[in-house]
Amino acid sequence: MHIGRKRKQQRQEPETKKLFPNAVLLPLVVELLEKGKTVTLNLRGYSMRPFLENDRDKALLKKAENPKVGDPVLAEISPKHFVLHRIIAIDGEAVTLRGDGNLWEEHCQLSDVKGAVIGFYRKGRDKLDRTDGKKWRIYSWFWTRLYPIRRYLLAFYRRIWLKLFKPI
């Protein structure tokens with residue numbers, strides 16, 4: 001039997017999610033990266049499918065230093081228009097980017113590459129899939145070489161795979 005005052009039960013408010021436009025949020029993220037901070041960013045969009053999903057996965061970013069071909073990066077391709085895509089070519093100062101789920105390319109300058117991805121938190125997991133790890137390197141090696149047939153693989157993924165196996 002418990003004697004004494006009843007403790008007030010604290011009510012927990014439901015967690016609310018606030019979305020900010022990328023044009024507002026990402027310049028603030030870049031400021032933090034420039035100060036040497038790391039930033040975890042919820043991913044929005046479908047351009048990095050099939051490995052990364054909209055509103056499910058997160059990227060851990062740091063300031064970009066010496067980006068190279070194959071690196072996933074945060075880049076400003078036009079004023080306040082940012083993408084998180086893979087570098088597919090560097091020619092002098094010119095950088096060519098492509099999202100893993102995209103068939104087209106985007107372009108910027110090396111100075112527009114603002115963040116480098118350290119790794120991804122996928123499928124609600126707490127464990128980081130590092131971009132310098134074996135899993136990411138193997139995935140990247142295969143996926144980048146499948147570019148000629150990527151259109152068909154992505155169509156299969158969207159039209160069949162996602163209907164059979166809903167993302168977490």
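Reply: Happy to. A residue counts as buried when its relative accessible area is under 20%, as exposed when that area is over 50%, and as partly exposed in between. Please keep in mind that this is a predicted model.

Let's start with helix α1, residues 22-34. With 13 residues at 1.5 Å a residue, α1 should span 18 Å, and its end C-alpha atoms lie 17 Å apart, which agrees. The buried residues of α1 are Leu-26, Val-29, Val-30 and Leu-33. Viewed down the axis of α1, these buried residues fall within an arc of 100°, so they line one face of the helix. The general rule behind such a pattern is that an α-helix has 3.6 residues a turn, so residues three or four places apart point the same way. What does that face meet? The buried residues of α1 pack against β1 (39-42), β2 (58-63), β3 (72-78), β4 (81-91) and β7 (113-121). After the helix comes Gly-36, with a positive phi near 90°.

Now to the core. The largest nonpolar core has 21 residues, and those touching the most other members are Val-29, Leu-61, Leu-74, Leu-84 and Phe-120. Two or more residues of this core come from each of α1, β1, β2, β4, β7 and α2 (134-145). The largest share, four residues, is given by α1. Apart from this core lies another, of 10 residues, including Val-73, Ala-75, Ile-87 and Ala-116.

Phe-120 leads us on to the charged residues. Leaving aside residues up to four places away in sequence, Phe-120 touches, among others, Leu-84, Trp-136, Lys-127 and Asp-129. Asp-129 is itself buried, with a relative accessible area of 11%. Its side chain meets that of Arg-122 in a salt bridge (3.7 Å, N to O), and Arg-122 is buried too. Asp-129 also forms a salt bridge with Lys-135, whose closest N lies 3.4 Å from the O. Lys-135, however, counts as partly exposed, at 44% relative accessibility. Together, Arg-122, Asp-129 and Lys-135 are linked in a network of salt bridges.

One further pair deserves a look: the side chains of Asp-132 and Arg-130 meet in a salt bridge at 2.9 Å, N to O. Here Asp-132 is partly exposed, with a relative accessible area of 44%, and Arg-130 is partly exposed at 41%. Across the whole structure, a search finds nine salt bridges.

Definitions and conventions:
Residues numbered from 1 in each chain as written. Predicted model: local features only at pLDDT ≥ 70, side-chain atom pairs only at ≥ 80, totals over all residues. Heavy atoms only, no water. Expected span 1.5 Å × (residues − 1). Buried < 20%, exposed > 50% of the residue type's maximum accessible area, 1.4 Å probe, protein only. Arc of directions from axis to C-beta. Contact = heavy atoms within 4.5 Å. Core = buried A, V, L, I, M, F, W, Y, C linked by side-chain atoms within 4.5 Å. Salt bridge = Lys/Arg side-chain N within 4 Å of Asp/Glu carboxyl O.
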